[in-house]
Amino acid sequence: MLKLYAMFLTLIFLVELVAAIVGFVFRHEIKNSFKNNYEKALKQYNATGDYRSDAVDKIQSTLHCCGVTNYRDWKDTNYYSEKGFPESCCKLEDCSPQRDANKVNNELVGIFLAYCLSRAITNNQYEIV
């Protein structure tokens, strides 16, 4: 029984290892696919409660960001031309941002720093102590 347990643990570890390797090899394709789908969801946003609009709202409110790269991504959408920025872009609760960019989240410092750290590690620009 113990050998069977060890075999299953080894199998699970190998599956996780393969998944990590595949994720690393295809990271650029995964990133581009996510970006393209998120841009499409932004263009089709309508705030009526469909699953894409709910996903956009959840991402923006959880990550405290607005748009794909910043709030300017909304200016090319039909929703922005009719109503302005959605409420999920608000910095403060209970706001209605309309078209005022000062009231929306555009703070991507954490994402930018994480990208810089990732790039530095990838380019081997770190010191070995």
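## Exposure

Buried means under 20% relative accessible area, exposed means over 50%, and partly exposed lies in between (1.4 Å probe, protein chains only). Leu17 is partly exposed, because its relative accessible area is 39%. Leu17 sits in helix 1. Of the 129 residues in the chain, 19% are buried.

This is a predicted model: local features need pLDDT of at least 70, side-chain atom pairs count only at pLDDT 80 or more, and totals for chains, interfaces and linings use all residues. Numbering runs from 1 along each chain as its sequence is written, and side-chain values use heavy atoms, without hydrogens and water.

## Fold

The chain has five helices and zero strands (DSSP runs numbered from the N terminus: helices are H or I, at least four residues; strands are E, at least two). Along the sequence the pattern reads α-α-α-α-α.

## Nonpolar patch

Phe13, Leu14, Leu17, Val18, Ile21, Val22, Phe24, Val25, Phe26 and Ile30 form a nonpolar surface patch. Together they have about 950 Å² of accessible area (Shrake-Rupley method, 1.4 Å probe). Helix 1, residues 2–25, gives the most to this patch, with eight residues.

Patch residues have over 30% relative accessible area and no salt bridge, and nonpolar side chains (Val, Leu, Ile, Met, Phe, Trp, Tyr) are joined within 5 Å. A salt bridge is a side-chain nitrogen of Lys or Arg within 4 Å of a carboxyl oxygen of Asp or Glu.

## Helix packing

Helix 2 (residues 27–43) packs with helix 3 (residues 51–63) at an angle of about 110 degrees. Their axes are 9 Å apart. Axes are lines fitted to C-alpha atoms over the stretch in contact, and angles run from 0 to 180 degrees between N-to-C directions. Helix 2 and helix 3 are therefore roughly perpendicular (65 to 115 degrees).

Conventions
Patch = residues over 30% accessible without salt bridge, like charges linked within 9 Å, V, L, I, M, F, W, Y side chains within 5 Å. Parallel < 35°, antiparallel > 145°, perpendicular 65-115°, else oblique.
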